[in-house]
Each structure stands twice: as structure tokens, then as C-alpha cells.
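Dear colleague,

I am handing over the structure we spoke about, and below it you will find what was found in it. Please read the notes with the structure open beside them.

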Amino acid sequence: MTSSIKETTMTEPELLPWQWPEETWRAKVDRVRAGRNLKPAKWKNGARCAVALSFDVDHETNELRDGGKSVGRLSWGQYGNRVGMPRILDLMKKEDIQATFFVPAVTALLYPDEQRRVIAEGHEIGLHGWIHEVNTAVPPDAERELHLRSADTLEKITGVRPVGMRTPSWDFSEVTLAIERELGLLYDSSLFADDDPYEIVEKGEPTGMVELPVEWIRDDAVYFNMNRFQALRPYTAPEAVFDIFRREFDRAYEEGGLFLLTMHPHVITYRSRIWILEKLIAHIKEMPDVWFASHAEIAGFVKEQSGI
């Protein structure tokens, strides 16, 4: 598999995009594409809509990835462990919901007991890079080594080998899919080509891997992130964020599709925000025939139903 990674990253002539021959831009577009839609006629037990709640457990890795110079921002990551994760896990237990937690390996090494609690309470842990690195900024061989090392680390800490990946910052390089296939993953959850699950196609060939697509609209961080030294500022009121999430679910329910929400322990769990998740769960539970499930459960179900 290493050789195939090298083959996909051969240097190209130093041409500007407008100078590319057709085979160059077609090859870039065709490398990873959305294939057949995998939305089933009915979800498990006849449910009308599937709900996948996910949490990217970045903690200190957001700052460590960039050099780890700010003790203040490192402490913001620690909030995710001290306050965020307990609030989330307590809420999931209260509501009897199984969720998926995407965990950088460095986070797991910092907080192994946290990950063991996640598994012990019936949730899923998925891959989320080594130190929340940006895949497209890492050499291909290094990216491969980091993902393989991350899978081994999470398995050693939790006793369960991950079956899915969400790339850090949803950054998907030209070799990421090859690495995921080498790992034998069931699904990816980093791409944007649909609202509902689909099969990933590589260079025109179906892969049998399920994509559970994400979207920045259904991510808490884009509304609430803050960086004192950049232009990044919270810009959306919690009430408006709740309305966006609710409308996303309502349309998914109407269409019989998937509602996948991405959240972060250091973002969604503040006292003025946790109600968004609490109220959203209450709203969803008011609707009949809804299936709350982990990403692995949903990917496994649609793969079985579609026969891929």
C-alpha cells in the first residue's frame, strides 16, 4: 500500500491551474468521488430517520498542533476534559443515546481514563489523527505512519480498534483514502458530497467504504470558536444555532434521511450553550420512528442493506 501512496503523489509540472491540461484537473476531481447513495428505504427497526451525534474530542491538540505556545489555549482544551466530557457523557446516559467520539491519539494519551469511560458506557471511538495535524500539510508517508500509529494507540488504550475516521479539520489529502483502506475501515466521516450516506469511489472504482457526510452548517465550532489574536470571533447567538440544527433535523426527518451533528466538548458544553443539545434531543424525541445510533452502527446498517 505504501507504493500506491507514492504513486498518487508524483510531482506535477509547475503549472498554474488555468494552465492544466484536461487530464490533470480531471484526475484531481476523480481521485475521490461520491458514488451510489446508500440511504435505505427504512432505517433500523423501521425508523424514518437516523440521528448520529458526534463529538470531536480535540482538547489540547488544537494548540499543540500549532506549536503549543499558548498556555491559555491549552487550558481551553483542558476544559473539554474537566467540564465538557462529563457533561456530555452524563447527558448521553440520561437520554440513553449512543454517540461517537472522534479522538486524536494525543488526547487519548493525555486522558486514557476518559476514553475508557466512553467505551465502558457503550459509545464508539473513531480515529481523528495523531495530534490534530492537517493532513494536506503532512508528507504522505508521515500521514500514513501517523494514522496507523493512532489506530494502534486507541486500541491499546480502549481495547477496541476503531472502524471509522474523521480527519482533523475534515482535511482529506490525496492519500487519505488509501490509508483508510489499508486500515480496513468501515467508514469515513470527513467529506461533503451529500446529506445522506454514500459509497466512496476512488478513481472511478467503488470502494465498498461508507461515507457519513459532514457539513460546517452542522458543526458547533463555526458559530462559537474564538481566537484572541485572529479575526475568529463567535458570531451567532445560541438561539440561532439551535434553530439551524433543528431545521437541519426537521428536513432530514421529512426526507427520511440522516441527521449527523458534529460538536466539540470545549465548545458546546458551556452553561449558555449546553441547552442547545438538550433541547435538540428533546425535539428529536418528540418525533416518532427516530433511530439514535453511533456512526459505526449506521455505516454497518447501510452497508448491509445495500449489499456493497
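Two strands are said to pair if DSSP finds at least two bridges between them, and that is the sense in which pairing is used here for this predicted model.

Strand S2 (residues 49–56) runs parallel to S3 and is joined to it by 3 bridges, with Phe55 standing opposite Phe101 in S3. S3 also pairs with strand S4 (residues 124–127), again in the parallel sense, over 4 bridges, and there the bridge partner of Phe101 is Ile125 in S4.

In a regular strand the side chains alternate between the two faces of the sheet. In strand S3 (residues 100–103), Thr100 and Phe102 point one way while Phe101 and Val103 point the other way, and all of them are buried.

Phe55 and Phe101 are also among the residues with the most contacts inside the largest nonpolar core, which has 51 residues; the others in that group are Val51, Leu53, Met92, Phe259 and Leu277. Helix H10 (residues 238–255) gives the most to this core, with 6 residues. Apart from it lies another core, of 20 residues, which includes Ala52, Val214, Leu260 and Ala293.

Leaving aside residues up to four places away in sequence, Phe55 touches Ile88, Met92, Ala99, Thr100, Phe101, Phe102, Met263 and Leu277. Leu277 is one of the buried residues of H12, as are Ile274, Ile276, Leu280, Ile281, His283 and Ile284. Helix H12 (residues 274–285) has 12 residues and reaches 17 Å from its first C-alpha to its last, close to the 16 Å expected at 1.5 Å a residue.

With best wishes

How values were computed. Residues numbered from 1 in each chain as written. Predicted model: local features only at pLDDT ≥ 70, side-chain atom pairs only at ≥ 80, totals over all residues. Heavy atoms only, no water. Core = buried A, V, L, I, M, F, W, Y, C linked by side-chain atoms within 4.5 Å. Buried < 20%, exposed > 50% of the residue type's maximum accessible area, 1.4 Å probe, protein only. Helix = DSSP H or I, 4+ residues; strand = E, 2+ residues; numbered from the N terminus. Contact = heavy atoms within 4.5 Å. Expected span 1.5 Å × (residues − 1).
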